[in-house]
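I opened the model to look up its helices, its core and the shell around its ligand. My entries follow.

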Amino acid sequence: MTRLRMTHILDRVLATLFLFHLLPAVSLAADPAPERVRELVRMVREDCGSCHGLTLKGGLGPPLLPDALREKPVESLRYTVLLGRPGTPMPPWNAFMSEAEADWIVRQLLAGFPEEERK
Ligand code: HEC
């Protein structure tokens, strides 16, 4: 095999690996538009807060503060939000938000969830 060919194959392998790494990150990492952010913040503070506590310190559901979630895999938290936990009171939210939005919520929970804007 010529040296040129080897380089060519290596390039393609690298390009494929690069794309596979990047695509999921890119499609999930986009932040929702500002208006949608306001809706999602209200939903988490009010609807999720009714079980997880208005300050997200826990209630019927466990705390959703950064310290409580830090050790847990982001993927499993995202799917808990989207699909709920069958057999527990945690309901699925996939009728109300996209996967990217659930991912955004989980990232905000891990960073310290924003407060609702005061009018
Ligand atoms: C009706 C009550 C209820 C509502 C509303 C609710 N949850 Fe939950 N949630 C729970 C319970 C109970 C659990 C624990 C389930 C279990 O035992 O595994 C839970 C678990 C979770 C977990 C996993 C926590 C962990 O430590 O593994 C996340 C994340 C979560 N909820 C996020 C949300 C979000 C975000 C919302 C709103 C979009 C929401 N929940 C709304 C009751 C609720």
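This is a predicted model: local features need pLDDT of at least 70, side-chain atom pairs count only at pLDDT 80 or more; totals for chains, interfaces and linings use all residues.

**Notebook: helix, ligand shell, core**

Numbering starts from 1 along each chain as its sequence is written.

**Overall layout.** I counted five helices and zero strands in the chain. Helices (H or I, at least four residues) and strands (E, at least two) are DSSP runs, numbered from the N terminus. From that end, the order reads α-α-α-α-α. I then checked burial: 14% of the 119 residues count as buried. Buried stands for 20 or more other C-beta atoms within 10 Å of the residue's own, exposed for 12 or fewer, and partly exposed for anything in between, with C-beta atoms placed from the backbone. I also looked at contacts (C-beta atoms, placed from the backbone, within 7 Å). Of those with a separation of 6 or more, 51% join residues 24 or more positions apart.

**Helix α2.** This helix covers residues 34–52 and bends by about 25° at Met 43. The bend is the angle between axes fitted to the seven residues ending there and the seven starting there. I found Leu 40, Val 44, Cys 48 and His 52 buried in α2. Their cover includes α5 (99–111).

**Ligand shell.** Which residues come nearest to the ligand? I listed Cys 48, Cys 51, Gly 61, Thr 88 and Met 90, out of 23 around it. A residue is near if its C-beta atom, placed from the backbone, lies within 6 Å. The most come from α2, with seven residues. By class, I logged 15 nonpolar, five polar and three charged residues. Ala, Val, Leu, Ile, Met, Phe, Trp, Tyr, Cys and Pro count as nonpolar, Asp, Glu, Lys and Arg as charged, and the others, Gly among them, as polar.

**Core.** The largest nonpolar core has 13 residues. Such a core is a set of buried Ala, Val, Leu, Ile, Met, Phe, Trp, Tyr and Cys residues joined through C-beta atoms within 7 Å. Val 44, Val 81, Ala 102, Ile 105, Val 106 and Leu 109 have the most contacts inside this core. The elements giving it two or more residues are α2, α4 and α5. The largest share, five residues, is from α5. I then traced Ile 105: leaving out residues up to four places away in sequence, Ile 105 touches Leu 40, Val 44 and Val 81.

Terms used
Two residues are in contact if their C-beta atoms, placed from the backbone, lie within 7 Å.
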